[in-house]
Each structure stands twice: as structure tokens, then as C-alpha cells.
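Trainee: Could you take me through one part of this model in detail? I would like to look closely at the surroundings of one ligand and the annotated residues there.

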Amino acid sequence: MIKILVAGYSGSMGQQVLKLIDETPDFELVAVFALGATENDRQRLGLGEQVKIYNELSQIEQGADVWIDFTAPSAVFENVKFALKHGMCPVVGTTGLTDEELVELKQLALAQQLGGLVAPNFGMSAVLLMKFAKEAAKYFPDVEIIEMHHDNKKDAPSGTALMTAKLIAQNRLPHHQGVADETETLAHVRGGDYEGIKLHSVRLPGYVAHEQVLFGGAGEALTIRQDSFDRASFMSGVKLAVKKAQALDGLVVGLENIL
Ligand SMILES: NC(=O)C1=CN([C@@H]2O[C@H](COP(=O)(O)OP(=O)(O)OC[C@H]3O[C@@H](n4cnc5c(N)ncnc54)[C@H](OP(=O)(O)O)[C@@H]3O)[C@@H](O)[C@H]2O)C=CC1
Ligand SMILES: O=C(O)C1=N[C@H](C(=O)O)C[C@H](O)C1
């Protein structure tokens, strides 16, 4: 049995994770955490009597093997630090960790001799999109990224889009795209900029999580697109990560590294 704490259990992803745990014979839910957590959630969400419900990080007691985190960019760093310090292996889907924070968490995981996984995207279509986009950048250095999400998403750009840009940047030299004296007659209309790669974020009701990477060359173009139509698409990745987390050597970044 793998004992699991779910941070962000009342959110869109947290709800899917509770379902996954319920459906997986060797997973056991031992605790849940959210700032707005109340004892009423036990009945409302069908949480067993043995499940501990926390609404404050500092109150959480050790007792889980794995800490699953789908909370908020503002919370994830402190949450993961807490998990590692208290002997829990983190499986983190929450976006927003900076490179510096990741370095610190990796050091802590090594010091604590704990494994764990941080993945900006647990969906196979997004993992493959990132792999293909990195490869394509060797041949098509001019590229822009459009990510499209539901209108409840708190952060922009998406963690996946930013990771895609970072991977592409490994295979091309930074350069400005468009004419050198380009002017915006409407502020920010050319999007965000990561080493010259433009990122555009769309937020609309009806959407879940989608990304397009557009490469342009002389007289041709390549478009790579992935669509997550349902949050269930992330669950096989989360399941695999939970099963492997305790055996990993330190904190691993990217689902592709454990497939
Ligand atoms: N890696 C991946 O494959 C995926 C990653 N994500 C990422 O997961 C994160 C969550 O997404 P989603 O489920 O849609 O978000 P929601 O806003 O639907 O849910 C967030 C959850 O976290 C809780 N929460 C918010 N702030 C805190 C805090 N400071 N401390 C503890 N709990 C907190 C909320 O409850 P309360 O408000 O009561 O605290 C709620 O339970 C986002 O960063 C998103 O980008 C999403 C989908 C896939
Ligand atoms: O907030 C979301 O919904 C998602 N967040 C992740 C991200 O920011 O990349 C993963 C996926 O895109 C869904």
C-alpha cells in the first residue's frame, strides 16, 4: 500500500486524483490539504473516517509516503519543502516553481534521501509535443507558442508552454523574431518573450488544456498541437509517478524521465 496525502484535493485536479486513488487497489488516501478544507468535506466528498483533513500546512502530521500536489503557484514551493522535510516523497503537478526553487528542492531531496517527481504536464500528448518541438527546433529555429486553457487558470504562461520554450531554447540560438524595428500599437500584442521565443496565452470557457507550437521556415511551416480534452488525461502519468516516486534517486523533473 502506498499512503498518499493530496494537497489541493478540492480543486479540479485534486478531484481527479481522489478518484484515481479510490480506483487503484494499492493506493490509500490518508490525508487531504487545502486552505478552505472543512470537516464537511468528509461527507460531501465521501472521504473515509481515517482520512485526516488539514487546512493549515504547519498542522500536517507525517503519515503519508507520497505527497501529491495540485495547489497553486503561490503555495507549491513551501508545500514541497514541507513534504520533503517530513519524509514524504513529492509528486508535483502544480506549476510555477522557479529554476532557483527547483535547485533548492533537489538539494533538499538529496539531503533527505527521498525521491520525487515534478512534472509541468502529466499528459502523454504534451510530453510528446515537448519532445518533438525540441527536435524540430534544430531545423526550424523560428518558432512561436500558443497555449489555450480554461478561464479559471491562475497562471500564465502555462508551465507546459514555458517548459516547451526552455527545451526549444536548448536547440536554437536566442534571436529576435520579426523585424528589428517592430512596434506594438496595442501593448503586449506580440506576447511574452523567452529568449526570443514568443508565447501567447489564451483563456476561454470550454477549453481544458491545449498547446500549439508553430515553426516557420522558407516557404513552409510545421505546427505541432496537443489537446487535453479531459483532466482524466493526466491521471495515468500521476499514477505512474506515485508508483515510482519512492524509488527515484532524488527529485526528477519531467514525466519523460520516468517513462
Ligand atoms: N502537471 C499537470 O499535468 C497539471 C498541472 N496543473 C496545475 O495544477 C495546479 C492546480 O490546478 P487546478 O486543480 O486546476 O486548480 P484549482 O484552482 O481547481 O485547485 C487548486 C486547489 O489547491 C488548493 N489551494 C489553493 N491555494 C492553496 C494553498 N496556498 N495551500 C493549499 N492549498 C491551496 C485549493 O483549495 P483552497 O482554495 O481551499 O485552498 C484547491 O483545492 C495549477 O498550478 C495547474 O497549472 C493542472 C492540470 C494538469
Ligand atoms: O492549469 C491547468 O489546467 C494546466 N496546467 C498545467 C500547465 O500550466 O502547463 C498543465 C496543463 O496545461 C493543465
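Mentor: What follows goes from the whole chain to the shell around the ligand, and then to two of its residues. The model is predicted. The protein has seven helices and 12 strands. Its radius of gyration is 20 Å, close to the 18 Å that the globule rule gives for 259 residues, so the protein is as compact as a globular protein of that length. Along the principal axes, the C-alpha atoms occupy a box of roughly 65 × 40 × 30 Å. Buried residues make up 36% of the 259. Among contacts with a separation of 6 or more, 69% join residues 24 or more positions apart.

Now the ligand. Around ligand 2 stand Thr95, Pro120, Asn121, His149, Lys153, Ser158, Gly159, Thr160 and Ala209. By class, this shell comprises six polar residues, two nonpolar and one charged. Two members of the shell, His149 and Lys153, carry the feature "active site" in UniProt, where the entry is unreviewed.

His149 belongs to strand E7, which covers residues 142-149. It has 22 C-beta neighbours inside 10 Å, and the cut-off for a buried residue is 20 or more, so His149 counts as buried. Leaving aside residues up to four places away in sequence, the contacts of His149 are Ser158, Arg203, Tyr207 and Ala209. Of these, Ser158 and Ala209 also belong to the shell of ligand 2.

Lys153 sits in the loop that runs between E7 and helix H6 (159-169). Lys153 has 17 other C-beta atoms within 10 Å, which falls between the limits of 12 and 20, so Lys153 is partly exposed. Of the two annotated residues, then, His149 is buried and Lys153 is partly exposed.

Technical notes:
Residues numbered from 1 in each chain as written. Chains lettered and ligands numbered in written order. Predicted model: local features only at pLDDT ≥ 70, side-chain atom pairs only at ≥ 80, totals over all residues. Helix = DSSP H or I, 4+ residues; strand = E, 2+ residues; numbered from the N terminus. Rg over C-alpha atoms; globule rule 2.2 N^0.38 Å. Contact = placed C-beta atoms within 7 Å. Near = placed C-beta within 6 Å. Nonpolar A, V, L, I, M, F, W, Y, C, P; charged D, E, K, R; others polar. UniProt positions renumbered as here; feature names shortened; annotations may be inferred.
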